[in-house]
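Subject: Handover of a structure and findings

Dear colleague,

Please find below the structure that I am passing on to you.

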Amino acid sequence: MEKECETSYIKVGEKSYPCAVSFVMDLIGGRWKGVILCYLRNGDKRFGELKKELSFITETTLSLQLRQLEKDNLITRTVFGTKPPVKVVYSLSDLGLSFIPLLDNINEWGKDILEKKMTS
């Protein structure tokens, strides 16, 4: 059986990763990135809409996570207008959209685990 996580380090920019899983976890890891991607899966959202729907995340954390997701090309940020107040819309990029099937699997796996914990 081939061991997928045994490889030489993968260098991406200034960072090195022991395997592709490590690279992916850097992109989507943390407490809120997956949740934000989940909320964007149904369409574009303005910052205010995300802030309202994700009221359990502080505004600062939401802003930081959105910047990281944009930097990693998982979401796009489109600014409409030049004079304040400008309209800023966040949406999934092609890379972000390609992550949705995996996100669905993670969600189902989590539901199964939670269901088993509740019944035991």
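Which elements of the protein have the lowest and the highest mean pLDDT? Strand 1 (residues 10-12) has the lowest, at 85, and strand 3 (residues 45-46) has the highest, at 98. The model is a predicted one. For the protein as a whole, the mean pLDDT is 91, and 94% of the residues reach 70 or more.

The axes of helix 1 (20-28) and helix 2 (residues 33-40) come within 8 Å and cross at roughly 70°. An angle from 65 to 115 degrees counts as roughly perpendicular, and helix 1 and helix 2 are therefore described in that way. On the side of helix 1, the contact is made by Asp26, Leu27 and Ile28; on the side of helix 2, it is made by Lys33, Gly34 and Leu37. By class, the residues of this contact are three nonpolar, one polar and two charged.

Helix 2 also packs with helix 4, at an angle of about 80° and with the axes 10 Å apart. Helix 2 and helix 4 are therefore roughly perpendicular to each other as well. Helix 2 contributes Lys33, Ile36 and Leu37 to the contact, while helix 4 contributes Leu62, Gln65, Leu66, Gln68 and Leu69. The residues of the contact of helix 2 with helix 4 comprise five nonpolar, two polar and one charged.

The largest pocket holds about 240 Å³ of space. Its lining consists of 13 residues, of which Lys15, Tyr17, Asp26, Lys71 and Asp72 are the closest to the centre of the pocket. Two or more lining residues come from each of strand 2 (15-17), helix 1 (20-28) and helix 4 (59-71). Helix 1 gives the most, with three residues. The lining divides into six charged, four nonpolar and three polar residues.

Two details of the backbone remain. Pro84 and Pro85 are joined by a cis peptide bond, with omega at about -5°. Pro85 lies in the loop between strand 4 (75-80) and strand 5 (87-92). Asn73, a residue other than glycine, has a positive phi, near 65°. The loop between helix 4 and strand 4 is the place of Asn73.

With kind regards

Methods. Residues numbered from 1 in each chain as written. Predicted model: local features only at pLDDT ≥ 70, side-chain atom pairs only at ≥ 80, totals over all residues. Heavy atoms only, no water. 1 Å grid on protein atoms, 1.4 Å probe; cavity = no way out; pocket = protein on both sides within 12 Å on 5 of 7 lines; lining within 4 Å. Points joined across faces, edges and corners; volume = space filled by probe spheres on them. Helix = DSSP H or I, 4+ residues; strand = E, 2+ residues; numbered from the N terminus. Nonpolar A, V, L, I, M, F, W, Y, C, P; charged D, E, K, R; others polar. Axes fitted to C-alpha atoms, helices over the stretch in contact; angles between N-to-C directions. Parallel < 35°, antiparallel > 145°, perpendicular 65-115°, else oblique. Contact = heavy atoms within 4.5 Å. pLDDT = per-residue confidence, 0-100.
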